[in-house]
Structures are given as structure tokens and as C-alpha cells.
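Here's a quick briefing to read alongside the model. Have the viewer open and follow the topics in turn.

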Amino acid sequence: MTTETFEFQVEARQLLQLMIHSVYSNKDVFLRELVSNASDALDKLRLAVLRDDAPGADVSDLHVELEIDKDARTLTVRDNGIGMSYDEVTQLIGTIANSGTAKFLQELRDAQDAAGADGLIGQFGVGFYSGFMVADEVTLVTRHAGETQGTRWTSRGEGTYTLERLDEAPQGTAVTLHLKPADSDDQLHDYTSAWKIREIVKRYSDFITWPVRLLPEPGEDAAEDGAEDREPETLNSMKALWARPRDEVSDEEYHELYKHIGHDWRDPLETIRLQAEGTFEYQALLFIPSHAPHDLSTRGYQRGVQLYVKRVFIMEDCEELLPPYLRFVKGVVDAQDLSLNVSREILQQDRHIRMIQRRLTKKVLATVKDLGSSAPDRYTTFWREFGAVLKEGLVTDSENRDAILAACSFATTHDADAPTTLKAYVERMKDGQDDIYFMTGESRRAIENSPHMEAFRAKGVEVLLLTDPVDEVWVDAVGEYEGKALRSVAKGDIDLSGTEEEKSGAEKEKQGEEYAGLLGWMTEHLGEDVKEVRLSSRLTVSPACVVSDSGELTPALENMYRAMGQEVPEAKRILELNPEHQLVKTLNRAYADRQDRTELTETAELLHTLAVLAEGGRPKEPARFVQLMADRLERTV
């Protein structure tokens, strides 16, 4: 058959060079990746046969086969799985069109240590290329199950590869590595050594569902010692860890399973086992990662856990088993009573799947909550990595809202280092305090320096400091906790009179009358920008601040909706003045004494703009603001 030569995609060439001149400290991972690919191919064939998508395929003895040839210095990883067609080889191996290679290269450059670099191989789906870490040349022979023609792909990793159509080829895929010489200085082991192959498979692939067999090595005296008659050696136990009793499985085995299905090189933060018996039986083994993946909050993130039915692989990313706000959870669910020929459409309607989702969700949330008391350090890691994602559930999952709130923690003015739960906040509330106070902002420092916080700081009233974008949304969706309303310190009229001694009603009324003229005049002159000018009970140091009316969107939430393409009418805000501030007192006296209030109009405008700046906003007309400030500064010099 005709052999054609092709050039690799630019990014693929860069990736190949990284593999050939590898900086990875652990080159053993190449076999883990190739065996994992082979196992995936067997899973896909089994599933295709169940769905009648692979007529004529042989599934009588599905397995992975390893063959060593010491004389030729080759190692072959062979499977009799789904295989690939000529076009699939071109698309999947020739161009890496959709494998995230560019992102892989960037992450690799940013990796801080060798262990981190090792894990990126599997994370970005470029495991096949890891063969070039240990081989000068890689040959792939494959035939798609049910087809008659095969394909041979060959490359030395030097920028080109060849493709050849074959009239005959066994079902599945065989990857033959023409191995480099062993080099202990480069940590390049002798991969023609059977004991080394056994060690790698046992470490990385013992839990693979399919048998991984090592063919006996032929020697010069093979006929004499009976090597030709020896049976292949099965290297892995093939025991489904989720089906084995807890006391028979070590933490290391659980961790290796997580690394395989989660494409991670780090140990999981927490392992969750669940077994349901009775009318509907299933087993689940879930993992909470210790680090958030780089694309967790992107639209294309592949979420979901692996679904098995009676230990038969059904689906890689079953989204129906966990809600989107738990998309960071990895693992396996093995159901006993589902149909093998199940589709995503059927899963969406299946009541058993909904039952599993409800139970898994409650179990994960309970586990996170328990971490807060039993393992505070691990909980801190969890919240740092996944807290913002978990809080999405406060908006989308009203059924489990209480359980989510119980698992949440929030930064607080009570302690600069330790976050608090809502339960602990309520227990610390001052006598006479009816509401749970919070403020949203870009950072803790920005919130703490906000004028809105002054009265709360002065009176020692605790405030939750919320800095994630989702916080702007969930506080309105939740509304209250244990009968205590969630109140923003930057919205509405704040009354802290119940927390300590305050001015009498008569004194407040007198003060209101004293400033009534100024407030009315400022409301009229600033009418284009503000809804109302009033006296403030939340300021102790600053002369003024702007607040939103109760029930209105905050500026940050308005901007968020606009960024999503939604039209949001711009709401006027309220300007509050501090009647105890010298600037405000002077302004009030000047208003009463002067008939010509031209300068006072400019002062009122400046006061409003300074209040906007103080909360992190920007002037409506920056050039006019600068001009007014420059004029005022000129008069003071």
C-alpha cells in the first residue's frame, strides 16, 4: 500500500520536542498513559457493542498485552479494543486539533516543579506522545472494530510522520516503541526489563478493569526451556476498588485510582465511599481534589463522574450524577439496576439517577461540613480552591440550600485570619442585633476601608466580608438564615440603635430639622445623579458615602449583568452625609448664610464624587472632577 508523509502541526512539533528532550524526572509515566489509553479503547468497544455500533467486533477476550523484544529493543503495548480508522488517526494523532496542546505548553512552562510537570501529561490528553520520552521511533498499527482495513502510523518525532493503509491488521491498536538506550543519569530505565514493566503496571494500572498481560520473553533457548508454551502473565489485580471492603484497600490504592480517573498527579483531599442497598443498589467512590483544575470555571469544563453498570463502563463524564456546583468532584458510580444501553437523554429522565444524585449531593456536602470541624487545615484548602464554586449552589439548588450554607464559611471582621460559619456568627450577635450584616467588594482590604464600615467598626458589630463575584447573587437568593435577615451595610437605611446607647429620638429629630434645608437643596442640584440626599447613621469618620436603596442592584451586580449582555437600567443611588463631620457642618452653615450658592453647588458635586471614589467607583465626568479639584487646591496654596 502507498505510504504518505505528513508534517506535524506547529504546536504538535513543539510538544514532541518537549517529550524527546524531556525534563520530566519520572519517565515511567509513559507506560501508565499508554495502558490507560488501551483500557479506554476496550471500554469504548464494549460500549459500542452494547449499542450495536460495532457489528462484527470480537469481544471474546478483551485485554491489554505487553510484549518485550530485548534484541530489537522494542516494547509493544497492544489492545484489541475499538481501534481507529485512517481518518481518526490523522485527526487524533497527526494534528492534535482539540487536545489542548497550546494550553498544555503554557502550563508546562509555568510548572514550578518536576512532579507538577509529570502530571500535566495526563491532564491535557497528550499521553500518546509521552512515548517519545523513552523511544527514538514510535510505530502505531490500528484497525477500527468492524472495518477491514488497518492503518500504520510511524514517526521519529522529528517534525513528520508517515501514514500507510494496510489490507490486514488485527482489531485494536498496537503501539511499538523503539526504545532509547538506558541512561541512569537521565533516569531513563531499561524498559526491556520484565521486572521494571511489572513494577510500573502494579503501581499505576493495578485497578484497570481489563487484564494487562505480559507475554513471555522468547530467548535463544526458548524451545528448550518451554518459553513458547508459557502462558502470558497477568500483571494487574483488576479488582474494582469501590467493590472491595474498606479494610482491604489502602489509601495509596485509592489515591492511584483518583490519579487515573482525575488526570491528576496529586493525592485527593478527601475520599468518600457510599453504598446503597435495597430496592436500588449502587456503590460510589468519590474524590475531592486538593487543587482546582485550571479550567474549572470555563464554559467547556468536562464535569461528571464515571458511570458503570455492574462493573461495565458506561459513560466517562456523567453530568446527571452531581449538580454543576459540585463539578470538581471526581469518582466512580457503579449501579446495579440500570440498563447497559443507556443514553444521556434517558439518564436525564431516570428516577434512579435522580435518587443517586440527591444522595451523593447530600453526602458530599456533609463531608465538607465535617471537614470544617474534624480537619480544619484540609477544610481551609477546600474552601480556597472550591468555595466560590460551591456557593453557586446557593442560587441554583434551593432543596439543599441549608446543607450548602452549613458547609460554607466566610471572611469576617471578627477575625482577620479565621473565617466564620453563619451559625457561629449568629451565636456572637450583639444584644438587640436583628440582622446578619455583610458587604461585598473586590478584596478584604477594599471592604474594610469602605466608609460604609465605619459605624460597624466603631460599635464592634461583626460584618461578613464577601469578595467572590457569586456573592453578589446568592445573598439576595438566600435572604435570611435562621430567621435573621441578611443585610448589606451598603444598602438601605441602617439602624444600629439597638446595639448600644444612641441619641434620643428628639435629638435625631432636631438634627434632621437643622439639616433639612441643605438636604433638600442638594437633592435638587444633584438630581441627575442621586435619588436622595439624607443624613447617615453608618458614618463616623468620612463626610459622605453613596448607598443603594433596599431591593436595588448594587453597581457590581449591574456591571456583572451588563458583562453577560443583559440590559440593566442604571439606578440612581442615595448620598448620605455625616452630620458630625466638620466639612458637612461647615457646608450646612454656608448654605444658611449665603445667598449666592454657586461655589456650594461645586462643593456638593465634589462631595458626591469623592463618595463615589471612596467605594471604588469612577467619576461620571473625570475631566470636570479634576478641574474642580485643581481650582480648589489652587485657592488653598
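This is a predicted model: local features need pLDDT of at least 70, side-chain atom pairs count only at pLDDT 80 or more; totals for chains, interfaces and linings use all residues.

The protein chain itself runs to 637 residues, with buried residues making up 49% of them.

- Lining the second largest cavity are Arg-303, Gly-304, Val-305, Glu-319, Leu-322, Pro-323, Leu-326, Arg-327 and Val-329.
- That lining of the second largest cavity splits into 5 nonpolar, 1 polar and 3 charged residues.
- The largest cavity has a volume of about 40 Å³.
- Around the largest cavity you'll find Arg-32, Tyr-204, Phe-207, Glu-256, Lys-259 and His-260.
- Helix H8 (residues 251-262) gives the most to the lining of the largest cavity, putting in 3 residues.
- By type, the lining of the largest cavity comes out as 2 nonpolar, 1 polar and 3 charged.

**Overall make-up**

- The protein chain has 22 helices and 23 strands.
- Take the contacts in the protein chain between residues at least 6 apart in sequence: 71% of them join residues at least 24 apart.

**Nonpolar cores**

- In soluble globular proteins, nonpolar side chains tend to be buried together.
- Here the largest nonpolar core has 75 residues, and Leu-390 and Trp-474 are the ones with the most contacts inside it.
- Helix H10 (residues 351-374) gives the most to this core, with 7 residues.
- Apart from it lies another core of 54 residues, with Ile-68, Ala-194, Ile-200 and Ile-208 among them.
- Which residues does Trp-474 touch, leaving aside residues up to four places away in sequence? The list is Lys-391, Leu-394, Val-395, Leu-405, Phe-410, Leu-466 and Leu-486.

**The six-strand sheet around S17**

- An open sheet is built from 6 strands in the order S16-S15-S18-S17-S20-S19, and its pairing is mixed.
- Strand S16 (415-420) and strand S19 (480-481) stand at the edges with a single partner strand each, so one side of each has no neighbour in the sheet.
- Strand S17 (residues 435-440) is largely enclosed by the rest of the structure, because 6 of its 6 residues are buried.
- Both faces of S17 are covered: Asp-435, Tyr-437 and Met-439 are buried on one side, and Ile-436, Phe-438 and Thr-440 are buried on the other.
- S17 runs parallel to strand S20 (residues 484-488), and 4 bridges join the two.
- Within that pair, Phe-438 stands opposite Ser-488, while Ile-436 has Leu-486 as its bridge partner in S20.
- S17 also pairs with strand S18 (residues 464-466) in the parallel sense, over 3 bridges.
- Phe-438 turns up here too, with Leu-464 as its bridge partner in S18.

- Strand S5 (residues 150-155) is largely enclosed by the rest of the structure, because 5 of its 6 residues are buried.
- Strand S4 (residues 135-143) runs antiparallel to S5, and 5 bridges join them.
- The hairpin of S4 and S5 has 6 residues between the strands, and Gly-146 in it takes a positive phi near 95°.
- S5 is also joined to strand S6 (residues 160-166) by 5 bridges, and these two run antiparallel.
- Gly-150 has Leu-166 as its bridge partner in S6.
- The S5 and S6 hairpin has 4 residues between its strands, and Gly-157 in the turn has a positive phi of about 70°.

**Backbone spots to check**

- Most residues other than glycine have a negative phi, and most peptide bonds are trans.
- His-263 has a phi near 50°, which is a positive value in a residue other than glycine.
- Where is His-263 found? Look in the loop between H8 and strand S10 (270-276).
- His-263 is partly exposed, with a relative accessible area of 37%.
- Glu-482 likewise has a positive phi near 50°, and its place is in the loop between S19 and S20.
- Is Glu-482 buried or exposed? At 54% relative accessibility, Glu-482 counts as exposed.

Notes: Residues are numbered from 1 along each chain as its sequence is written. Side-chain values use heavy atoms; hydrogens and water are left out. A nonpolar core is a set of buried Ala, Val, Leu, Ile, Met, Phe, Trp, Tyr and Cys residues joined through side-chain atoms within 4.5 Å. Buried means under 20% relative accessible area, exposed over 50%, partly exposed in between (1.4 Å probe, protein chains only). Contact means heavy atoms within 4.5 Å. On a 1 Å grid over the protein atoms alone, a cavity is a set of points where a 1.4 Å probe fits but cannot get out, and a pocket is an open set with protein on both sides within 12 Å along at least five of seven lines; lining residues have an atom within 4 Å of a point. Grid points are joined across faces, edges and corners, and a volume is the space filled by probe spheres set on the points. Ala, Val, Leu, Ile, Met, Phe, Trp, Tyr, Cys and Pro count as nonpolar, Asp, Glu, Lys and Arg as charged, and the others, Gly among them, as polar. Two strands pair if DSSP finds at least two bridges between them.
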